[in-house]
Amino acid sequence: MQEIFIKNEKELVDFGKKIATTLQGGDILCLYGDLGAGKTTLTKGVAQVFGIKQRIKSPTFTLFNVYFIQLNGKSLKFVHIDAYRLKDEDELLDIGIDDYLGNTETICVIEWAEKIPNLLKKKKCVEIRIEHAPTGRKIQY
Ligand SMILES: Nc1ncnc2c1ncn2[C@@H]1O[C@H](COP(=O)(O)OP(=O)(O)O)[C@@H](O)[C@H]1O
Ligand SMILES: [Mg+2]
């Protein structure tokens, strides 16, 4: 596991960009951290690398947003999930999340991944933890 310290929002976006370059179809990026830790900010960096022009907002009310991207000449979907307001995991299953999680044509980023342990049980996830630190944020990955 690696640990780094981030001083400001821009550095977190840049970290997201760095992580994005390691992602490929089928990957699930799980983000852990309190409200305001910077999960959405990191996701913005990821989205930039994938050429997503829309403004990335936490899909808190819609639960997830789907973006169509091109990666290495392939058409993929980028799915941004926010499980914060989820009452139970079936809610995401009911709206079809299992078509996306781990699908080789999809890259998923999940905020509040700790809310969906069962959905992720048999999936391979890349985990990133963001914590408030005196100088900004601490990231473990
Ligand atoms: N060092 C830092 N790294 C990232 N964000 C920071 C930092 N310091 C302050 N912020 C602010 O913290 C907030 C993080 O919000 P957001 O990314 O939406 O968090 P989350 O999605 O985890 O709830 C932003 O408003 C950002 O400007
Ligand atoms: Mg968020």
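I'm counting a salt bridge as a side-chain nitrogen of Lys or Arg within 4 Å of a carboxyl oxygen of Asp or Glu. Keep in mind that this is a predicted model.

**Entry 1: salt bridges**

I started with the pair Glu127 and Arg129. Their closest N and O atoms are 2.9 Å apart, and the two form a salt bridge. I then checked how open each partner is. Glu127 is partly exposed, at 37% relative accessible area, and Arg129 is also listed as partly exposed, at 35%. Elsewhere, I found Lys10, Asp14 and Lys17 joined into one network by salt bridges that share partners.

How many salt bridges turn up in the whole structure? My search of everything gave six.

Next I looked at Lys123, which has a salt bridge to Asp98 with the closest N and O atoms 3.7 Å apart. This pair ties together distant parts of the chain, 25 residues apart. I placed Lys123 in the loop between helix H4 (117-120) and strand S6 (125-133), and Asp98 in the loop between H3 and S5. Lys123 is partly exposed with a relative accessible area of 28%, and Asp98 is partly exposed with 42%.

The last pair I wrote down is Glu11 with Lys7, a salt bridge whose closest N and O atoms are 3.2 Å apart. Is each partner buried or exposed, or something in between? Glu11 comes out partly exposed at 24% relative accessible area, while Lys7 counts as exposed at 59%.

**Entry 2: ligand 1**

Lys7 came up again when I turned to the ligand. One of its backbone N or O atoms sits 3.3 Å from a nitrogen atom of ligand 1. A polar backbone atom of Ala37 is 3.3 Å from a ligand oxygen, and a side-chain N or O atom of Thr40 is 2.8 Å from a ligand oxygen. On its own, ligand 1 has 580 Å² of accessible area, and the protein covers 71% of that.

Which residues come nearest to ligand 1? I counted 16 residues around it, and Glu9, Gly36, Lys39, Thr40 and Thr41 come nearest.

I also sorted the shell by element. Helix H1 (9-20), H2 and strand S7 (136-140) each supply at least two residues. H2 gives the most, with three.

**Entry 3: Lys39**

Lys39 is buried and yet has no salt bridge. The nearest side chain of opposite charge is Glu111, 4.6 Å away.

What does Lys39 touch, leaving aside its neighbours within four places in sequence? I listed Leu31, Tyr32, Gly33, Asp34, Glu111, Trp112 and Ile130.

**Entry 4: Gly102**

Finally I went to Gly102, in the loop between helix H3 (90-94) and strand S5 (106-111). Gly102 is partly exposed, with 34% relative accessible area. Not counting residues up to four places away in sequence, Gly102 touches Gly26 and Ile28.

How far is Gly102 from Glu114 in space? C-alpha to C-alpha I get 17 Å, with the two residues twelve apart in sequence.

Key:
Residues are numbered from 1 along each chain as its sequence is written. Chains are lettered from A and ligands numbered from 1 in the order in which they are written. This is a predicted model: local features need pLDDT of at least 70, side-chain atom pairs count only at pLDDT 80 or more; totals for chains, interfaces and linings use all residues. Side-chain values use heavy atoms; hydrogens and water are left out. Buried means under 20% relative accessible area, exposed over 50%, partly exposed in between (1.4 Å probe, protein chains only). Lys and Arg count as positive and Asp and Glu as negative; His and the chain ends are not counted. Contact means heavy atoms within 4.5 Å. A residue is near a molecule or strand if one of its heavy atoms lies within 4 Å of it. A polar contact is a pair of N or O atoms within 3.5 Å; within protein, one must be able to donate a hydrogen and the other to accept it, and residues adjacent in sequence count only if both atoms are side-chain atoms. Accessible areas come from the Shrake-Rupley method with a 1.4 Å probe; for residues, only the protein chains shown count as cover. Helices (H or I, at least four residues) and strands (E, at least two) are DSSP runs, numbered from the N terminus.
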